[in-house]
Amino acid sequence: MFRRPPFTLALAVLCSIAVLPQRGSAAGDEVVPLALDPAIAAAVASVNAKNLLGTEAALVAFGTRNGYSETLRNPKRGVYAARDWIAARFRGYGKSSGGRLSVAYDTYVQPKTARIVRDVEMSSVVATLRGSDPQRGLVIVSSHFDDCNSKCSDPELDAPGADDNGSAVAAVLETARVLAPMHFPATIVFICFDGEDLGLLGSAHYAKSLKDRGIKVEADVNNDIVGASLGHDGQAWPNDVRLFSEALPKDAALPRVNQIGSENDSPSRELARALKEIGAAYVPAMHVNLIWRTDRFLRGGDQQSFTDQGFSATRYVEQSENFDHQHQTLRTENGIEYGDLIKFMDFDYLARVTQLNVADVATLAAAPPAPEANLLTRALGYDTSLEWKAVPGAASYEIVWRATDEPLWMRARNVGNVTSYTFKEMPKDNWIFGVRALDAAGHKGPAAYPQPLR
Ligand SMILES: [Zn+2]
């Protein structure tokens with residue numbers, strides 16, 4: 001039987017709670033909001049909802065962007081007409097880059113499979129803004145421009161694809177427009193993939209080709225369905241967006257992950273944490289809601305093509321989707337209008353998601369990359385010793401940490417321009433650590449999870 005504890009016992013419990021030290025307070029500073037870079041803040045502020053609407057209107061006017069419509073060879077209809085329009089847009093925006101932005105197609109023939117009804121030519125649009133530091137890997141911001149209606153094998157019927165995924169193409173083009181005149185150490189690649197709706201085809205081909213050529217990718221920030229704020233149940237979410245990230249790379253050794261407790265610290269997770277921090281600083285009107293999953297149930301996205309190759313990747317998707325407005329043949333049934341139409345979109349919302357992309361990509365390209373780091377566990381001990389490899393552009397390093405059951409970094413300490421550090425007062429068994437690099441201007445990229453080293 002439950003018995004109320006005596007008053008004195010309750011008071012003693014309350015008092016002991018009051019004097020407990022705050023978790024994470026040991027020997028560190030609070031993780032403070034990122035300092036704004038005025039140039040990045042100006043780029044964020046220059047995102048224009050009218051440009052996004054203009055891109056959407058142009059894409060929808062191609063009638064369909066179904067992946068099988070590539071044989072139409074009609075400059076006004078089909079996926080290749082849209083492809084050529086997107087490439088021309090990138091070239092136009094590239095004029096402000098002083099010759100640093102180049103545009104290419106990544107084209108290949110996908111053979112027929114159980115799912116692909118015939119051999120089909122895929123052609124993604126890749127715009128590259130060359131960075132100043134050849135040691136840096138690529139920072140990628142991606143979308144897909146193909147679409148489909150209720151029947152993905154039908155290239156004839158209209159498929160407007162406004163939200164899925166004209167919204168993200170508009171966001172990526174606008175991000176290119178505002179960043180093209182700016183200079184970054186890392187090369188930024190703006191991509192509109194073909195063949196996502198046929199099974200992530202364009203992105204799989206591109207990511208594999210990067211891996212095969214030994215090209216480093218620091219991050220892929222993928223966008224897919226980011227333009228509507230009104231959910232399926234009529235509730236509006238104008239200030240919320242989801243950011244998906246996978247728990248573990250596919251080559252993760254599960255017994256080791258289990259032993260060291262690294263299940264929430266894949267490179268993609270650290271990227272997601274960094275993007276949440278960047279978003280909170282530059283676009284405070286938006287809540288970036290971290291979803292600890294690869295993607296939604298029964299759905300996928302081009303970010304998976306990058307994680308499949310061992311690269312860090314995340315996906316933005318609107319907070320509450322309406323499946324009546326995705327992958328639907330245009331029709332009205334029982335009073336419900338089906339179809340992915342411009343009228344269901346919210347361009348002010350899309351502008352805010354675009355602002356997140358601008359802040360993310362600019363910050364990642366300016367900040368040094370995540371270092372390769374180790375936690376030294378050679379001898380039984382009470383302290384925490386970390387070491388890491390210097391990364392290009394680093395002026396100092398910051399160690400961040402959190403309790404093992406906390407989702408986000410709680411504390412931070414800038415330890416200067418060194419490549420090792422020991423916390424005498426911090427037992428490694430009780431905390432999860434991360435190491436990240438800062439450039440001279442204070443840009444911070446994602447943290448690296450230090451792998452235990454014996
Ligand atoms: Zn999509």
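User: In which sense do strand β7 and strand β9 pair, parallel or antiparallel?
Analyst: This is a predicted model, in which local features need pLDDT of at least 70 and side-chain atom pairs count only at pLDDT 80 or more, while totals for chains, interfaces and linings use all residues. Residues are numbered from 1 along each chain as its sequence is written. Helices (H or I, at least four residues) and strands (E, at least two) are DSSP runs numbered from the N terminus, and two strands pair if DSSP finds at least two bridges between them. β7 (240-244) and β9 (313-318) are joined by four bridges, and their sense is antiparallel.

User: Which strands lie at the edges of the open sheet of eight strands?
Analyst: The order is β2-β3-β5-β4-β6-β9-β7-β8, with mixed pairing. An edge strand pairs on one side only, and this holds for β2 (101-110) and β8 (287-291).

User: What angle does the direction of helix α5 make with that of β4?
Analyst: Axes are lines fitted to C-alpha atoms, for helices over the stretch in contact, and angles run from 0 to 180 degrees between N-to-C directions. Helix α5 (162-179) packs on the sheet and touches β3 (120-129), β4 (138-144), β5 (188-193) and β6 (217-223); contact means C-beta atoms, placed from the backbone, within 7 Å. The angle with β4 is about 145°.

User: Is Leu298 buried or exposed?
Analyst: Leu298 is in the loop between β8 and α9 (303-308), and its phi is near 65°, a positive value in a residue other than glycine. A residue is buried if 20 or more other C-beta atoms, placed from the backbone, lie within 10 Å of its own, exposed if 12 or fewer, and partly exposed in between. Because Leu298 has 5 C-beta neighbours inside 10 Å, it counts as exposed.

User: How many other C-beta atoms lie within 10 Å of Asn334?
Analyst: Asn334 sits in the loop between β10 (331-333) and β11 (336-338), with a positive phi of about 50° although it is not a glycine. Asn334 is exposed, as the number of other C-beta atoms within 10 Å is 4.

User: What distance separates the C-alpha atoms of Gly442 and Leu34?
Analyst: Gly442 belongs to the loop between β17 (431-438) and β18 (451-453), and it is partly exposed because 15 other C-beta atoms lie within 10 Å. Leu34 is 408 residues away along the chain, and the C-alpha separation is 8.5 Å.

User: Which helix gives the most to the side of domain 1 that touches domain 2?
Analyst: The chain is divided into domain 1 (38-366) and domain 2 (371-453), with bounds from an automatic or database domain assignment. The contact takes 15 residues from each domain. On the domain 1 side, α8 (267-282) and α10 (347-366) each supply at least two residues. With four residues, the largest contributor is α8.

User: What is the radius of gyration of the protein chain?
Analyst: The radius is taken over C-alpha atoms, and the globule rule is 2.2 Å times the number of residues to the power 0.38. For 454 residues a compact globule would have a radius near 22 Å, which agrees with the value for this chain, 24 Å.

Notes. Contact = placed C-beta atoms within 7 Å.
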